[in-house]
Amino acid sequence: MIAVAAPHEAYESQPEYTRETAVTARGLRLDGPWGPVFGPVDLDIGAGGVTVIEGSAGSGRTSLLLALSGRLKPSSGSLNVFGRTRPRDIFDICSIAGFEDIDELAQSVTVRDLVTEQIRWDAPWYKLIGRAGDEQLAAVCGPVFGDHPLPRLGQYVSDLGELEATLLRIAVANTKKTAVLVIDDLEQVRRDYERAYLVERLADLGRYQTVICSTVNPLPEGSPVDVLTLRDDVTYPDQEGAR
């Protein structure tokens, strides 16, 4: 059902992960009230690195990613993510970012508010957490932003560029550094050179996590990713009302 490209050559230089299988799906399918949403899908995703799922944007592709991350229960088929098979158990080891209507950032809040809220969310209920400062900003955003300047604490989300907003969205979603990080729609960053930097940062995260993301258009040749290509008749991109 899915064409798989050869693993990225440079992956062998990353000792943090062995190239075991992270995700295995067989006959994975989701049906909605208007008909099939995706499937049946068979795929294998290796541990570590970045795997990009290429396919038409739409509810089918997005729902597939949500199923792979334990956010949706498939109608049929099997899914194994690092040995876990129940959606609730898969949910616990997966973080998601970039999903419309799920993890969108409120435009009227500041970077400080977002970072503070995420730190408080992650902390034990009995621990008092003050407002985030530069140290907390660096801890949350630094691993994702890399060499790119961090946003200012007082900056509103509405004032961030596409790349900065996407990196921030990933950073606050990935504070627990779960085994799997799933990101929808790399085309949210429209400039080619900014999207290339985003992929570079995801590749760095892939040294310690399994990163799965989606795109419509192929990335430039030589990008540090593996590629899975979905057929439109597997993900039903034009299925109205499927999500």
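Me: On a 1 Å grid over the protein atoms alone, a pocket is an open set of points with protein on both sides within 12 Å along at least five of seven lines, while a cavity is a set where a 1.4 Å probe fits but cannot get out; lining residues have an atom within 4 Å of a point. With that in hand, which residues lie nearest the centre of the largest pocket?

Reply: They are I96, Q118, W121, V172 and A173, out of 22 lining residues. Before going on, please note that this is a predicted model, where local features need pLDDT of at least 70 and side-chain atom pairs pLDDT 80 or more, while totals for chains, interfaces and linings use all residues. Residues are numbered from 1 along each chain as its sequence is written, and side-chain values use heavy atoms, leaving out hydrogens and water.

Me: What is the volume of the largest pocket, and which elements give two or more residues to its lining?

Reply: The volume is about 700 Å³, taken as the space filled by probe spheres set on grid points that are joined across faces, edges and corners. The elements are α2 (87-92), β6 (94-97), α3 (111-122) and α5 (162-173). Helix α3 provides the largest share, five residues.

Me: What makes a lining residue nonpolar, polar or charged?

Reply: Ala, Val, Leu, Ile, Met, Phe, Trp, Tyr, Cys and Pro count as nonpolar, Asp, Glu, Lys and Arg as charged, and the others, Gly among them, as polar. By that rule the lining has nine nonpolar, four polar and nine charged residues.

Me: How are the helices and strands defined, and how many are in the chain?

Reply: They are DSSP runs numbered from the N terminus: helices are H or I with at least four residues, and strands are E with at least two. The chain has seven helices and nine strands.

Me: Why are β2 and β5 called paired strands?

Reply: Two strands pair if DSSP finds at least two bridges between them. Five bridges join β2 (residues 21-32) to β5, so this pair meets the rule. One of the bridges links A25 to L79 in β5. Strand β2 also has eight bridges to β3, again antiparallel, and L30 stands opposite F38 there. A hairpin of two residues connects β2 and β3.

Me: In what order do the three strands form their open sheet?

Reply: The order is β3-β2-β5, with antiparallel pairing. Strands β3 (35-46) and β5 (76-81) are the edges, each pairing on one side only. Neighbouring strands are turned by 15° on average, direction ignored. Helix α1 (residues 59-68) packs on this sheet, touching β2, β3 and β5, and makes an angle of about 50° with β3. For such angles, axes are lines fitted to C-alpha atoms, for helices over the stretch in contact, and values run from 0 to 180 degrees between N-to-C directions.

Me: Why is T21 called partly exposed?

Reply: Buried means under 20% relative accessible area, exposed means over 50%, and partly exposed is in between (1.4 Å probe, protein chains only). T21 has 44%, so it falls in the middle class. This residue sits in strand β2. Its contacts (heavy atoms within 4.5 Å) include D44, I45, G46 and A47, not counting residues up to four places away in sequence.

Me: Is Q155 buried or exposed?

Reply: Q155 has 13% relative accessibility, so it counts as buried. It lies in the loop between α4 (134-145) and α5, and touches V109, T110, V111 and L160, not counting residues up to four places away in sequence.

Me: What share of the chain do buried residues make up?

Reply: They make up 48% of the 243 residues.
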